[in-house]
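Here are my notes on the model.

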Amino acid sequence: MTQTTELPGPSEQEEQPARPPRRALPRLPHRAWTVAAIAFVTIIGAAGFASLPGLLIDPLHEEFGWGRGTIGFAVSVNLALYGLTAPFAAALMDRFGIRTVIAAALTVIAAGGGLTVFMTEPWQLILCWGVLVGLGSGSMALAFAATVTNRWFVARRGLVTGLLTAGGASGQLIFLPLLSWIVERYDWRPAAMTVTVAALAIVPLVWLLLRDYPSDVGLAPYGADGPPTPRPAPRRGAARRALKALASASRTSSFWLLAGAFAICGASTNGLVKTHFVPAAHDHGMPVTAAASLLAVIGVFDILGTVASGWFTDRFDARRLLAVYYALRGLSLMFLPILLADTVHPPMIFFIVFYGLDWVATVPPTMALCREQYGEDSAIVFGWVLAAHQVGAGLVAFVGGVVRDAFGSYDLVWYGAGALCAIAALMSLVIRRGADAQPTAATA
């Protein structure tokens, strides 16, 4: 017998409706970009804390009768501790995690800013704004940006470094006009409380959204091949590790050249322009709000210059970039004394644009040279290089006030900073290549 299978009839062959194709879910950006965004916002807040000292010099001088050198000393303590804290903060982030260190730093800043409003003596200014705010803001210094970049990114490190560095300029752009308006319309105390509230507002954002390593969320760093790398064990002895990295790096000439050039960078930016530009312009009859607005506009072009510098650093020799940046900065500072006036005029606008493009363009190539020379310790070594930056800034913040008290003008300080920048350009050119350095001209 032959078994046959009957085919279903027409009534049984009811056509099933075609299923619509599945819609592909949109591909979300790598989590590294979210972490970078949170770090960017945090650095913006840190810039707000750094924007206030330059606005306090004249109000504190008028209210308490303190000399500008005395106030400048408190600012110099702030700037020096900002830098000296950075290498230890980078090591502490390896021990306790980024979130814990940054949240604690923001709390310390809030305490320092809040207590400032009750001060009546210079030592209290030094303690609150110099020590507490200096230690807290130093923990969120550029070593924080270096740590985030090194852990979360393999590709686009130069670009991310530029973006995070630009966070400081963005914060300056946001906070300077606001704080100067508060100081002029109300008093310096509400401005200090504004900084305190801003610090506290960032804490929950950091704690909820920031993560220490890509492996915490099951990812590999952006641009890395292969599976996620397990989270490394916490490294104990943060202070010992920071000092060991310094001892090792200090045996190389490149470290001293990088640190020396970056000290001049700090002297010519944070120590001089950020601290003394507003009172110097006010000496020439310019309103405080107008001078602070010019300083904020520097931040606009600083963002463009820093991001562009990160892009250049991925493609060109970082040493030559540094030499060009320092030389152009020194040239611009030489012209500043003849540009200051009671009103804003076109040559001053040109200076603001030109100087703004160069403000922290030095950071991405300096970080790149640290990575090239010092490998996995590069974030800590960069922290020490940043310490030199801030010591230079603190020295000039103090010297600038003393010179102003002694001569009634800042002109000598502007010319001296310009000459130092020329020396920094030469120092950058003689930095040696790392033994394992890759070719600097990379493809896009």
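1. The expected span of a helix is 1.5 Å times one less than its number of residues. Helices (H or I, at least four residues) are DSSP runs, numbered from the N terminus. Helix α10 (residues 253-268) has 16 residues, so it should span 22 Å. Its end C-alpha atoms are 23 Å apart, which agrees.

2. A word on conventions. This is a predicted model: local features need pLDDT of at least 70, side-chain atom pairs count only at pLDDT 80 or more, and totals for chains, interfaces and linings use all residues. Residues are numbered from 1 along each chain as its sequence is written, and side-chain values use heavy atoms, with hydrogens and water left out.

3. α10 is mostly covered. Of its 16 residues, 13 are buried (under 20% relative accessible area, 1.4 Å probe, protein chains only).

4. T313 sits in helix α12 (residues 288-313). T313 is buried, because its relative accessible area is 10%. Leaving out residues up to four places away in sequence, T313 touches L321, P364, P365 and A368 (contact: heavy atoms within 4.5 Å).

5. The model has 3 cavities of 30 Å³ or more. A cavity is a set of points on a 1 Å grid over the protein atoms alone where a 1.4 Å probe fits but cannot get out; lining residues have an atom within 4 Å of a point. Points are joined across faces, edges and corners, and volume is the space filled by probe spheres set on them.

6. The second largest cavity holds about 60 Å³. P53, L56, L60, I71, A74, V75, L125 and W129 line it. Helices α2 (53-64), α3 (68-96) and α5 (122-138) each give two or more residues to this lining.

How values were computed:
On a 1 Å grid over the protein atoms alone, a cavity is a set of points where a 1.4 Å probe fits but cannot get out, and a pocket is an open set with protein on both sides within 12 Å along at least five of seven lines; lining residues have an atom within 4 Å of a point. Buried means under 20% relative accessible area, exposed over 50%, partly exposed in between (1.4 Å probe, protein chains only).
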